[in-house]
Amino acid sequence: MYVSGLDRSWQKPAGVTAKLVDSRSSKGFYYIEYTLQNPGEARKHLYSAIGMATNGWYNRLYTVTGQFTDEESADQSSKIQKAVKSFKFI
């Protein structure tokens, strides 16, 4: 099989495309917003909160993630972010 010297598709194979939209920390949590898209599928927006807590013996990593598609963005974006931001350690 012959591959043209101009063909660079092997350097960036088709597959999942991911993009970091935003990241910040607040009150002991890291908040990360990013997008994922599989070939032929709608792009998904994911919003996650990540935090660590201890029970005195063990450290535990907690995450909560909400997602919505581009089509749902107008209706769901603020609701998902509000729900994820409501996650607290008790």
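User: Hi! Before we start, what are the ground rules for this model?
Analyst: Hello! The model is predicted, so local features need pLDDT of at least 70 and side-chain atom pairs count only at pLDDT 80 or more, while totals for chains, interfaces and linings use all residues. Residues are numbered from 1 along each chain as its sequence is written, and side-chain values use heavy atoms, with hydrogens and water left out.

User: Which way do S1 and S2 pair?
Analyst: Strand S1 (residues 17–26) and strand S2 (residues 29–37) are antiparallel, with nine bridges. Strands count as paired if DSSP finds at least two bridges between them. Lys 19 sits opposite Thr 35 in S2, and Asp 22 has Glu 33 of S2 across from it.

User: And what sits between those two strands?
Analyst: Two residues separate S1 and S2 in their hairpin, and Lys 27 in the turn has a positive phi of about 50°.

User: Is Lys 27 buried or exposed?
Analyst: Lys 27 counts as exposed, at 80% relative accessibility. The classes are buried under 20% relative accessible area, exposed over 50% and partly exposed in between, using a 1.4 Å probe and protein chains only.

User: What about S2 and S3, how many bridges there?
Analyst: Eight bridges join S2 to S3, again in the antiparallel sense. Ile 32 has Ser 48 in S3 as its bridge partner. The hairpin of S2 and S3 has six residues between the strands, and Gly 40 takes a positive phi near 80° there.

User: Switching to the inside. Which residues make up the largest nonpolar core?
Analyst: Seven residues do: Phe 29, Tyr 31, Tyr 47, Ala 49, Phe 68, Ile 80 and Val 84. A core here is a set of buried Ala, Val, Leu, Ile, Met, Phe, Trp, Tyr and Cys residues joined through side-chain atoms within 4.5 Å.

User: What does Phe 68 touch?
Analyst: Setting aside neighbours within four places in sequence, Phe 68 is in contact with Arg 43, Lys 44, His 45, Ser 73, Gln 76, Ser 77 and Ile 80. Contact means heavy atoms within 4.5 Å.

User: I spotted several rings. How many aromatic pairs are there?
Analyst: The whole structure has three aromatic pairs. One of them is Phe 29 with Tyr 31, a tilted pair at 6.2 Å centre to centre and 40° between the planes. Tyr 31 also pairs with Tyr 47, this time stacked, at 6.3 Å and 20°. That pair links distant parts of the chain, with Tyr 31 in strand S2 and Tyr 47 in strand S3, 16 residues apart.

User: What cut-offs did you use for those?
Analyst: Rings of Phe, Tyr and Trp (its six-membered ring) pair if their centres lie within 6.5 Å; planes under 30 degrees apart are stacked, over 60 edge-to-face, and the rest tilted.

User: Which residues form the aromatic cluster?
Analyst: Phe 29, Tyr 31, Tyr 47 and Phe 87 form one cluster. Phe 29 is buried at 5% relative accessibility, Tyr 31 at 9% and Tyr 47 at 2%.

User: Nice. Where is Glu 72?
Analyst: Glu 72 lies in the loop between strand S4 (59–69) and helix H1 (73–85). Glu 72 is partly exposed, at 36% relative accessible area, and its side chain reaches the backbone nitrogen of Thr 69 at 3.0 Å. That is a polar contact: a pair of N or O atoms within 3.5 Å, where within protein one must be able to donate a hydrogen and the other to accept it, and residues adjacent in sequence count only if both atoms are side-chain atoms.

User: Last one: what does the side chain of Lys 88 reach?
Analyst: The side chain of Lys 88 reaches the backbone oxygen of Lys 85 at 3.2 Å. Lys 88 is in the segment after H1 and counts as exposed at 54% relative accessibility.

Notes. Helix = DSSP H or I, 4+ residues; strand = E, 2+ residues; numbered from the N terminus.
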